[in-house]
Amino acid sequence: MLTYFSALTDPNMVFLRYALFAGLLAAPAFGIIGTYVVARRMTYLAGAIAHCVLGGIGAALYCQARYELTWLTPMLGAIVAAIGAALLIGLISLRSRERVDSVIGAIWVLGMATGIIFIAKTPGYIDPMSYLFGNILMITGGDLLTIAVLDVIVIGLGLLSYNRMIAVCFDEEFARLRGIRTELYTLLLLCLTALTIVLMVRVVGIVMVIALFTLPAATASHFSTRIWQMMLFATLLGMISVAGGLSLSYGLDLPSGPTIVMLAGFFYLTVIIGKGLKNRLR
Amino acid sequence: MQSPVPLQIPAVQCEQVSFSYGEIPILTDVSFSIQKLDAVALVGPNGGGKSTLLKLILGLLTPQTGTIKVLGVSPQQARKKIGYMPQHLQYDPSFPVSVMDVVLMGRAGSIGLGRYSAEDRRIAMQAMAELAVDGLASRPFNSLSGGQRQRILIARALACEPEILLLDEPTANVDPGVELQFFEILKELANRVTVLTVSHDLGFVSQMVSRVFCVNRQVKIHPTSELTGEIIHEMYGGDVRMVRHDHCCSEQGHSHADIL
């Protein structure tokens with residue numbers, strides 16, 4: 001543990017500090033938006049958005065290498081792909097007469113396949129693993145700035161729309177009858193979900209990012225009787241998972257993304273099992 | 001809140017309204033008019049079109065033919081003046097909200113991106129007080145009994161400060177003892193807002209409404225003025241037989257003496 005703290009201040013270990021900052025910055029966004037997503041039962045949609053991000057990252061890497069578009073960073077590609085996927089998925093789930101889950105499943109897979117193909121065709125060697133499962137070595141100072149800006153946008157909009165978002169999540173039909181444009185709020189929520197996913201793609205990767213959405217919020221829901229409590233507890237759990245997970249991964253020499261997710265999952269399972277035992281003993 | 005609508009403008013007016021889901025006709029050629037402060041009960045068999053009729057009045061569905069006017073304008077335009085209590089809340093029992101949060105949703109249309117004002121809270125508390133559930137305000141919504149929840153949802157509809165109240169099966173989850181108390185409250189409300197209530201139990205509703213609409217693809221109108229609930233109950237036994245009998249009647253309704 002001590003070595004972890006000294007590593008945090010070690011100038012040669014700047015990536016570790018960056019990863020911790022990124023995680024702590026992202027935790028409130030995950031707590032707030034994750035609570036809405038869990039309460040609205042949109043986890044599946046969030047999963048689809050997360051996997052489409054790989055398409056954007058792949059396309060950005062390809063264009064960077066092929067056409068020397070240096071401004072087109074993987075982060076920018078991720079943001080564009082995430083927002084695009086969010087709007088597409090939102091409009092389909094609101095409008096389509098197809099089976100919505102089939103369409104979402106198709107987008108999920110196609111987004112990911114696009115990314116893999118682009119990465120394979122990009123000159124030079126790029127390890128898709130680091131995008132799929134996260135790699136804290138890749139975080140740059142510029143990424144941290146982007147994360148901070150996105151964070152402010154997501155938290156600001158998430159809290160500003162709090163009352164109306166709850167009304168829409170709780171009873172959409174009633175909210176519509178009150179003159180609230182519920183479709184707009186659904187799309188807003190999906191876009192905020194998309195931006196939140198981008199925040200943590202670097203740290204835990206696109207496959208596991210969804211865990212940070214659902215696990216802290218689902219754990220928090222067991223202690224909360226109000227939405228804002230759930231957001232607060234989910235944020236704290238997210239921070240503990242990131243800080244604890246990084247420390248464990250450093251100490252035990254484990255990959256950091258999976259360790260963070262395991263810790264979040266451990267809290268969740270402990271709470272459910274604990275609750276189950278408590279009910280049985282009664 | 002709003003300027004009062006002159007009495008001559010009906011609260012709800014349906015003219016030759018027909019609605020079908022795909023090939024299946026639900027309502028055919030329905031015409032009626034409900035005056036302000038009228039109290040009406042909709043009865044009829046399941047699938048007869050009661051809930052569909054409410055959704056048409058709310059503007060959630062659009063009729064294929066015919067027109068519906070609510071307070072003289074289209075249902076969409078009148079929406080904010082309608083308080084609605086749905087029959088089924090597509091409700092997630094693990095959704096962490098307090099009773100106050102739920103009732104405040106009746107005010108959600110007027111807050112923009114902001115917060116609820118003290119005035120919104122006052123109106124919500126008053127709505128709860130009217131249904132004698134103000135003591136529950138800080139309780140988690142999912143800890144309530146079915147009957148308490150039903151009342152909260154009516155309070156939520158009242159918090160909209162409606163001119164028209166649409167209640168879809170307000171007594172569905174309520175035990176008989178509480179039901180009586182329930183209709184006392186509704187009777188009170190009917191003095192200041194137009195009330196449309198869907199109900200299975202004609203015996204009860206006939207004490208608070210002036211007319212009964214039998215909805216089964218068509219709408220037949222019965223005034224209850226000459227009848228006590230007991231007599232109707234005796235006559236029909238239940239609402240299914242109630243709509244099966246054969247008669248023709250005007251839009252104004254008819255007296256049951258005609259058909260006996």
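## Terms and basis of the model

Two residues are said to be in contact if their C-beta atoms, placed from the backbone, lie within 7 Å. Helices (H or I, at least four residues) and strands (E, at least two) are DSSP runs, numbered from the N terminus.

The model is predicted: local features need pLDDT of at least 70 and side-chain atom pairs count only at pLDDT 80 or more, while totals for chains, interfaces and linings use all residues. Residues are numbered from 1 along each chain as its sequence is written, and chains are lettered from A and ligands numbered from 1 in the order in which they are written.

## Chain A

Chain A contains 12 helices and 0 strands. Its C-alpha trace spans about 55 × 45 × 30 Å along the principal axes. The radius of gyration, taken over C-alpha atoms, is compared with a globule rule of 2.2 Å times the number of residues to the power 0.38. For 282 residues a compact globule would have a value near 19 Å, and chain A agrees with this at 19 Å.

A residue is termed buried if 20 or more other C-beta atoms lie within 10 Å of its own, exposed if 12 or fewer, and partly exposed in between, with C-beta atoms placed from the backbone. By this criterion, 52% of the 282 residues of chain A are buried. Of the contacts in chain A between residues at least 6 apart in sequence, 75% join residues at least 24 apart.

## The sheet of chain B

Chain B has 9 helices and 9 strands, and 43% of its 260 residues count as buried. Two strands are taken to pair if DSSP finds at least two bridges between them.

Strand β5(B) pairs with β6 (residues 164-168) of chain B in the parallel sense over 4 bridges, and B:Met85 stands opposite B:Leu167 in β6(B). Strands β3 (residues 39-43) and β8 (residues 211-216) of chain B also run parallel, joined by 4 bridges; B:Leu42 has B:Phe213 of β8(B) as its bridge partner. The pairing of β8(B) with β9 (residues 218-223) of chain B is antiparallel, over 6 bridges, and includes B:Val215 with its partner B:Val219 in β9(B).

## Helices across the sheet

## Nonpolar core

A nonpolar core is a set of buried Ala, Val, Leu, Ile, Met, Phe, Trp, Tyr and Cys residues joined through C-beta atoms within 7 Å. The largest such core has 174 residues, and those with the most contacts inside it include A:Ile197, A:Val198, B:Val103 and B:Leu166. Helix α10(A) gives the most to this core, with 26 residues. Beyond its neighbours within four places in sequence, B:Val103 contacts several residues, among them B:Ala124, B:Met128 and B:Ile152.

In helix α8 (residues 162-170) of chain A, 8 of the 9 residues are buried, so the helix is largely enclosed by the rest of the structure. The buried residues include A:Arg164, A:Met165 and A:Phe170. They pack against α2 (14-40), α9 (172-177), α10 (182-221) and α11 (227-252) of chain A, together with α3 (99-104) of chain B.

Between the chains, 23 residues of chain A are in contact with 24 residues of chain B. Helix α8(A) gives the most to the side of chain A that touches chain B, with 5 residues.

## Positive phi angles

Most residues other than glycine have a negative phi. A:Glu68, in the loop between α3 (43-67) and α4 (74-95) of chain A, has a positive phi of about 55° and counts as exposed, with 8 C-beta neighbours inside 10 Å. B:Leu71, in the loop between β4 (65-70) and α2 (75-78) of chain B, has a positive phi of about 50° but is buried, with 21 other C-beta atoms within 10 Å. B:Arg217 takes a positive phi near 70° in the hairpin of β8(B) and β9(B), which has 1 residue between the strands.
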